[in-house]
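Subject: A structure to look through

Dear colleague,

I am handing over a structure that I would like you to look through slowly, with the notes below beside you. Please open it first and then read on.

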Amino acid sequence: MADVKKVIEMIHKIAEDIEEQKLYLTELDNVIGDGDHGINMARGFKAVLEVEPTFEGKDIGAILKTTGMKLVSTVGGSAGPLYGTAFMKAGALMNGKTEADINDFIGIMDAAIGGVQLRGKAVAGEKTMLDAMMPARDAIKAAVEAGDDAKTALAKGLKAAEDGVEYTKTIIATKGRASYLGERSLGHQDPGATSFTLMMKDVAELA
Amino acid sequence: MKKIINAVDQVENQMIDGLVKAYPQYLKKHTEGNVVLRAEKKVGKVALISGGGSGHEPAHAGFVGKGMLDAAVPGAVFTSPAVDQVYAGLQAADGGAGVLMIIKNYTGDVMNFEMAAEMARDMDGIDVKQVVVNDDVAVKDSLYTVGRRGVAGTIFVHKIAGALAETGASLDEVQAVAQKVIDNVRTMGMAIKPCTIPAAGVPGFEIADDEMEIGIGIHGEPGVEKKPLESADEIVDTLMEKILADIDFAGSEVAVMINGCGGTPLMELFIVNNHVADVLADKGIKVYKTMVGNYMSSLEMEGFSITLLKLDDQLKELLDAEAETPAWVAK
């Protein structure tokens, strides 16, 4: 699915896309949060791009860990600790590895979801990034078990993440700043679920 | 967007540098980033650290100094400071007697401060405790939210806990008095015009010329409801009703803070206070001290909040204690 070079390419593409979509993500956050999600994520991934030259010669674990640490130290807000912990946990799992197959990616998703839950204490259905991450992971797992190849499984994962974003429009937020809105959060998609789906798209396309 | 700035990615740095240059007698900047410290560190005293997004000036860096905070960590505009920044602040603030973190109740703030505290405990052996301020009665505190937001009442926590720390009290005692303030302070705000985060370039929310948002948050988050604009007295009645219903203020003495959101003229804040004082007098609640001004602002947002702090003898004494900071001086 991906070697070190490919992983670097994916992170690079994610950073570019987050920068490109930062105003869109911020607009989504304006409606139900405090309007900084895109700006914060873009600042974090810009910092990741600055250390990209140091990725050379490192294993996948070290690259993911460095990415996570950069996000934690530069993003701030809640997205910093959440995405940062997700990448760091995934990095710990991939320690020493220079190749990742689809089963490794399922492991990465498990670790990332575990990290987000550890920090954010959220479960499925609370209108958070988990509502895109968990369905994506589950869809990929099911596809692999059904005998799909990596590319197909990731495409199904992306579809599930996109459906997850749509699903967040139909539920009331009970975590994060949108929770104060109660029913007024209905009809609006979660910015965190949206930014995760951007990342998932890059992984699915480049793998 | 029309703002007096140089570059959107420099607003935080340049604001902090300008603040420190204005008050060198109280403040200095950490050598490694956006942490504001007391000009002269006091060793052997419990240290207080607070922070949050920038854009709330003078909070929090304007309250660093004798009798209040030892360190403030301002993040990007309306964004919690990142873990490294809080950690640097904890290390620099600790004078050997431990550090109390005063956190406003937002998911991001709590996560970043808690992760930094874990690092300071594990790697530096610093005794770190925390309180979380949640004084905003506008939003529901229920199983279905992450709890009430921390807003202008935080300044009273800085003042009173800071005054106790100055007497040489222990970390547990300082934490306890900070919690006592939190238990007795309530705030609610409103706005008539939004604000624009420089890096976003567009206002955080929209509001028609003849409308207002009741219960707005200090980041321009939507509040309880949008409704047609009313008179100052009617607005005060609405806010006071919710605040007074939340805890029993009957027969007590209170400190009042009429906090401007940044874009509201003092004239209007005094008009607000005029009626707040009358409402309190009507209810038999005695005003011990009133503060009117911008303490916890929201960039150029037009609006205000009312904070009431229920006092006892200990809180009164600490509220009056000496303080030397850019935004709160008491002799």
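Predicted model: local features only at pLDDT ≥ 70, side-chain atom pairs only at ≥ 80, totals over all residues.

Before the strands are discussed, one term is needed: two strands count as paired if DSSP finds at least two bridges between them, and helices (H or I, at least four residues) and strands (E, at least two) are themselves DSSP runs, numbered from the N terminus.

Residues are numbered from 1 along each chain as its sequence is written, and chains are lettered from A and ligands numbered from 1 in the order in which they are written.

Chain B as a whole

The secondary structure of chain B comes to eight helices and 14 strands. Its radius of gyration (taken over C-alpha atoms) is 19 Å, close to the 20 Å that the globule rule (2.2 Å times the number of residues to the power 0.38) gives for 331 residues, so chain B is as compact as a globular protein of that length. Of those 331 residues, 57% are buried, where buried means that 20 or more other C-beta atoms, placed from the backbone, lie within 10 Å of the residue's own.

The six-stranded sheet

An open sheet in chain B has six strands in the order S1-S2-S4-S3-S5-S6, with mixed pairing. Its edge strands, each pairing on one side only, are strand S1 (27–29) and strand S6 (128–133) of chain B. Helix H4 (residues 154–166) of chain B packs on this sheet, touching strand S3 (47–54), strand S5 (99–104) and S6 of chain B, where contact means that the C-beta atoms of two residues, placed from the backbone, lie within 7 Å.

Strand S12

How many of the 10 residues of strand S12 (residues 302–311) of chain B are buried? The count is 10 of the 10, so this strand is largely enclosed by the rest of the structure. Glu302(B), Phe304(B), Ile306(B), Leu308(B) and Lys310(B) point one way from S12(B), whereas Gly303(B), Ser305(B), Thr307(B), Leu309(B) and Leu311(B) point the other way. S12(B) pairs in the antiparallel sense with strand S7 (residues 185–193) of chain B over eight bridges, and there Lys193(B) stands opposite Glu302(B). Eight bridges also join strand S10 (residues 253–260) of chain B to S12(B), again antiparallel, with Leu309(B) as the bridge partner of Ala255(B).

Two domains, two chains

Chain B is divided into domain 1 (12–183) and domain 2 (185–319), with bounds that come from an automatic or database domain assignment. The contact between them takes 25 residues from domain 1 of chain B and 31 residues from domain 2 of chain B. On the side of domain 1 that touches domain 2, the largest share, seven residues, comes from H4(B).

The contact between the chains takes 27 residues from chain A and 29 residues from chain B. Helix H2 (22–32), helix H3 (37–51), helix H4 (60–74) and helix H5 (79–93) of chain A each supply at least two residues of the side of chain A that touches chain B.

With best wishes

Terms used:
Axes fitted to C-alpha atoms, helices over the stretch in contact; angles between N-to-C directions. Buried ≥ 20, exposed ≤ 12 C-beta atoms within 10 Å, placed from the backbone.
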